[in-house]
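Hello,

Here is the structure I promised to pass on. My notes on what turned up in it follow below.

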Amino acid sequence: MKPLRELCGGELPRLVMFDLDGTLIDSVPDLAAAVDRMLVELGRAPAGVDQVREWVGNGARVLVRRALAGGLDHAAVSDAEADAALARFLEIYADCHELTALYPGVHELLEALSTAAVELAVVTNKPERFVAPLLEQVGLGGYFRWIIGGDTLPQQKPDPAALLQVMRLADITAAQSLFIGDSRNDVLAAHAAGVPCVAVSYGYNHGRPIAEEKPNLVVDSLAELL
């Protein structure tokens, strides 16, 4: 795990925090199915997988607002309309996880870090109640000591609050920690928390290359960190 040592002063990090969607799992097919069903129930045209892939990354509320707006700019969507649509989307998505799958290299990296006694956490903007069941479904249920969802704290990424909370719980410094994600929000949160950041190139970053956000390292597969 030489790349990880190079990011943490020659030693393995004591704590590695991961984003979920677009980093560990490809959840867009299920998210798109739930979004499209919600839109159709509202009498609107479905958005499709490719469009939803550009909208995810800022939590369920923003995803729903973008779906209602038909684009990234959702300022014209009223709060009342968004709240009603969000409630229905969450009901649908609760039973819509059949197509979610692990990305290559995820299990191998988590197993290696666990064997090396590195503490592991998930920090995601996905509502917390969905996270543990999804991890169990894809075979990752036993790896993470801490899970911070998008509604666990008042703040979401790119705010660093969730990363700082995990480091406090673990009693591990930023210099001994690492964050791995796929989006601008992940890189900004890591930078704000003072934590080295690895970004994956295959995730969801609104159609923009993640290298533009200047993470410490970009990889095409988590297996490269081995």
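To begin with a side-chain pair, D21 and S27 make a polar contact of 2.3 Å through their side chains; a polar contact here is a pair of N or O atoms within 3.5 Å, where within protein one must be able to donate a hydrogen and the other to accept it, and residues adjacent in sequence count only if both atoms are side-chain atoms. Please keep in mind that this is a predicted model, in which local features need pLDDT of at least 70 and side-chain atom pairs count only at pLDDT 80 or more, while totals for chains, interfaces and linings use all residues. Residues are numbered from 1 along each chain as its sequence is written, and side-chain values use heavy atoms, with hydrogens and water left out.

D21 sits in the loop between β1 and β2 (strands are DSSP runs of E, at least two residues, and helices are runs of H or I, at least four, numbered from the N terminus). At 11% relative accessibility D21 is buried, meaning under 20% relative accessible area with a 1.4 Å probe and protein chains only. Its contacts (heavy atoms within 4.5 Å), not counting residues up to four places away in sequence, are S27, L31, T124, K126, D182 and Y204.

D19 belongs to the loop between β1 (15-18) and β2 (25-26) and is buried too, with a relative accessible area of 5%. Its side chain makes a polar contact of 3.0 Å with the side chain of T23. Beyond four places in sequence, D19 touches several residues, including K157, F179, D182 and D186.

Another spot worth a look is T100, in the loop between α5 (79-93) and β3 (101-102). T100 is buried at 8% relative accessible area, and a 2.7 Å polar contact joins its side chain to that of D30. T100 also contacts S27, the polar partner of D21.

Finally, helix α4 (residues 60-69) is mostly covered, with eight of its ten residues buried. Those buried residues pack against α2 (28-41), α3 (49-55) and α5. Just after α4, G70 takes a positive phi of about 75°.

Best wishes

Note on methods:
Buried < 20%, exposed > 50% of the residue type's maximum accessible area, 1.4 Å probe, protein only.
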